[in-house]
Amino acid sequence: MAASSGSQPPGADAADEAEIAAAALGLVLARATAGVYPKVPAVQMRALQFIGDHEPINLTRLTEELGTIASSASRLCDRLQAAGLLDRRSATTDRREVELVLTSDGVRLLERLRAARRAGLAEVLERMSPQGRAALLRGLHEFSIAAEQVALHEQDTA
């Protein structure tokens, strides 16, 4: 779609193409995730990934990341703990604070998920030309940097 009518903002065509490509990427990752057991709902998997990337963390930080209220995040943690994927423990610096950490089963689940996602991505990347792969990876690197800059700008203006 051309932006000649002037009705679209600059970069709208690129944003449209990026959205389509991101949807395709999301489908590849979703298919890989679907094959990982035990089945964990998306919001619980997101919480596990965040905890795994930042542990130990407290419930307040997880609540902020999920954009929910503390009681909802606490119930989510209850379910993850009941499934054997998460532990709560007293913080070493303040015994009144509770830290969230993954259990060994939680770590293994995330490792299986990451391996499945990498395999799914590798299958698609193998079908691309070497030049296309290189361009994609360069573009994704630049995209990551720009997205981080936007996030930092939003934090500064909030």
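**Figure 1. Three strands form an open sheet in the order 1-3-2 with antiparallel pairing.** The model shown here and in the following views is predicted. Strand 1 (57-58) and strand 2 (86-90) are the edge strands, each pairing on one side only. Strand 1 and strand 3 run antiparallel and are joined by 2 bridges. Within this pairing, I57 stands opposite L100 of strand 3.

**Figure 2. Helix 4 lies across strand 2 and strand 3.** Relative to strand 2, helix 4 runs at about 115 degrees. A salt bridge also connects the side chains of D78 and R88, with an N to O distance of 2.8 Å. D78 belongs to helix 4 and R88 to strand 2, the two residues being 10 residues apart, and the pair links distant parts of the chain. Both partners are partly exposed: D78 has a relative accessible area of 39%, and R88 has a relative accessibility of 28%.

**Figure 3. The largest nonpolar core of the model contains 20 residues.** The residues with the most contacts inside this core are L48, I51, L62, L80, L100 and L109. At least two core residues come from each of helix 2 (42-54), helix 3 (59-66), helix 4 (70-82), strand 3 (98-102) and helix 5 (104-126). Helix 2 gives the most, with 5 residues. In soluble globular proteins, nonpolar side chains tend to be buried together.

**Figure 4. The surroundings of I51 bring together residues from several parts of the sequence.** When residues up to four places away in sequence are not counted, I51 touches I57, L62, L86, L100, V101 and L102. Of these contacts, L62 and L100 are also listed, together with I51 itself, among the residues with the most contacts inside the largest nonpolar core.

**Figure 5. Helix 5 has 23 residues and a span close to the expected value.** From its first C-alpha to its last, helix 5 reaches 32 Å, against the 33 Å expected at 1.5 Å a residue. The buried residues of helix 5 are G106, L109, L110, L113 and G120. Their cover includes helix 1 (12-34), helix 2 and strand 3. An α-helix has 3.6 residues a turn, so residues three or four places apart point the same way. L109 is both buried in helix 5 and one of the residues with the most contacts inside the largest nonpolar core.

Figure 6. The structure holds 5 salt bridges, among them the pair formed by E65 and R46, whose closest N and O atoms are 3.8 Å apart. R114 counts as partly exposed, with a relative accessibility of 28%.

Conventions. Residues numbered from 1 in each chain as written. Predicted model: local features only at pLDDT ≥ 70, side-chain atom pairs only at ≥ 80, totals over all residues. Heavy atoms only, no water. Core = buried A, V, L, I, M, F, W, Y, C linked by side-chain atoms within 4.5 Å. Buried < 20%, exposed > 50% of the residue type's maximum accessible area, 1.4 Å probe, protein only. Helix = DSSP H or I, 4+ residues; strand = E, 2+ residues; numbered from the N terminus. Contact = heavy atoms within 4.5 Å. Pairing = 2+ DSSP bridges. Axes fitted to C-alpha atoms, helices over the stretch in contact; angles between N-to-C directions. Expected span 1.5 Å × (residues − 1). Salt bridge = Lys/Arg side-chain N within 4 Å of Asp/Glu carboxyl O.
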